[in-house]
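Hi everyone, thanks for making time this morning. Let me put the model up on the screen, and then I'll walk you through a few parts of it.

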Amino acid sequence: MTFSDAEVERYARHLVLREIGGPGQQALKAASVLIVGAGGLGAPASLYLAAAGVGRIVLVDPDVVDRSNLQRQVLYAEADIGAPKVEVAARRLSALNPHVTIEPVLARLDAGNARELARGVDLVLDGTDDFGVRFCVNAACVAEGRTLVSGAIGRWTGQVGVFRGRPCYRCLVPETPPDAETCSAVGVVGALAGVIGSMMALEAVKLIAGAGEPLAGRLLVYDALAAETRTVRIGADPECEVCGANRLGSIGQST
Ligand SMILES: [Zn+2]
């Protein structure tokens, strides 16, 4: 895979980085990424991954742009209100970088399409705020052997983690928390979506280029009000119904 003069110029700041360079940029161009949710986190994540030259980006989201999205979902503008998010996003991202392919999927990820979507890419990013969808994405990633970069935000706090096999996201969140909050109910500061969505894109670039230490098996928590971060290790849950020894459907199989 070779780069045109325009691509060499476009990616110049990556090409001089020792940890990316020519091989890393080639890996980015050859990579395919699924981004679940084209909202607060999917918007900055997709913008940075398209700009970075990730060769193929599949965006899944069932929603249309709402005026209340514009406070943080930086892919969209006033004129996009009412239009399907993935269609607006595909136009915007293609305009940003014509060297990448954007595949919009106007649908909700569910148990019926999750595995096929995960199978079709190298890496999965989940920026949705629905635990049912999150569990579906995680189960599909474990089943298809895909690495999952997961981000979440609410109020003034955000988190990002990388899950490769075990521990999986379900080890961290076994069931929908009884006090689960949604941004529509409790609010979220807009710039926090930019911080966490960009961290998700950064972890994806690291994973694809083989740069540094990914957040695998760890969770980075950012408290924006205190301006503090902490990183905690995630333990694999032996009883996890997705990746544990007694997971559903795996009894009798060797692992
Ligand atoms: Zn697990």
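The lining of the second largest pocket is made up of nine nonpolar, two polar and three charged residues. Keep in mind that this is a predicted model. That pocket holds about 270 Å³ of space, and among its 14 lining residues, His14, Tyr48, Ala52, Leu202 and Val205 sit nearest the centre.

Which helix gives the most to this lining? Helix 10 does, with five residues; helix 2 (12-15) and helix 4 (42-52) each supply at least two.

So let's look at helix 10. Helix 10 runs over residues 190-209 and spans 29 Å from first C-alpha to last, close to the expected 28 Å. Its buried residues include Ile196, Met200, Ala204 and Ile208. In general, residues three or four places apart on an α-helix point the same way, because there are 3.6 residues a turn. Just after helix 10 comes Gly210, with a positive phi of about 70 degrees.

Now over to the zinc ion. Its protein donors are the SG atoms of Cys168, Cys171, Cys240 and Cys243, 2.3 Å away. The site is tetrahedral, with donor angles of 93 to 126 degrees, and the spacing in sequence is C-x2-C-x68-C-x2-C. Cys171 lies in helix 8 and Cys240 in the segment after strand 8, so this pair ties together parts 69 residues apart in sequence. Cys171 is buried at 10% relative accessibility, and Cys240 is buried at 3%.

Last stop, the largest pocket: about 1100 Å³ of space. It has 45 lining residues, with Thr128, Asp129, Asp130, Ile153 and Cys183 closest to the centre. Helix 8 turns up here too, as one of the elements giving two or more residues to the lining.

Notes
Residues are numbered from 1 along each chain as its sequence is written. This is a predicted model: local features need pLDDT of at least 70, side-chain atom pairs count only at pLDDT 80 or more; totals for chains, interfaces and linings use all residues. Side-chain values use heavy atoms; hydrogens and water are left out. Helices (H or I, at least four residues) and strands (E, at least two) are DSSP runs, numbered from the N terminus. The expected span of a helix is 1.5 Å times one less than its number of residues. Buried means under 20% relative accessible area, exposed over 50%, partly exposed in between (1.4 Å probe, protein chains only). Donors are N, O and S atoms within 2.8 Å of the metal (3.2 Å for Na, K and Ca); water is not among the atoms, so sites may look incomplete. Four donors count as tetrahedral if all angles lie between 85 and 135 degrees; four count as square planar and six as octahedral if opposite donors are over 155 degrees apart and all others between 65 and 115; anything else is irregular. On a 1 Å grid over the protein atoms alone, a cavity is a set of points where a 1.4 Å probe fits but cannot get out, and a pocket is an open set with protein on both sides within 12 Å along at least five of seven lines; lining residues have an atom within 4 Å of a point. Grid points are joined across faces, edges and corners, and a volume is the space filled by probe spheres set on the points. Ala, Val, Leu, Ile, Met, Phe, Trp, Tyr, Cys and Pro count as nonpolar, Asp, Glu, Lys and Arg as charged, and the others, Gly among them, as polar.
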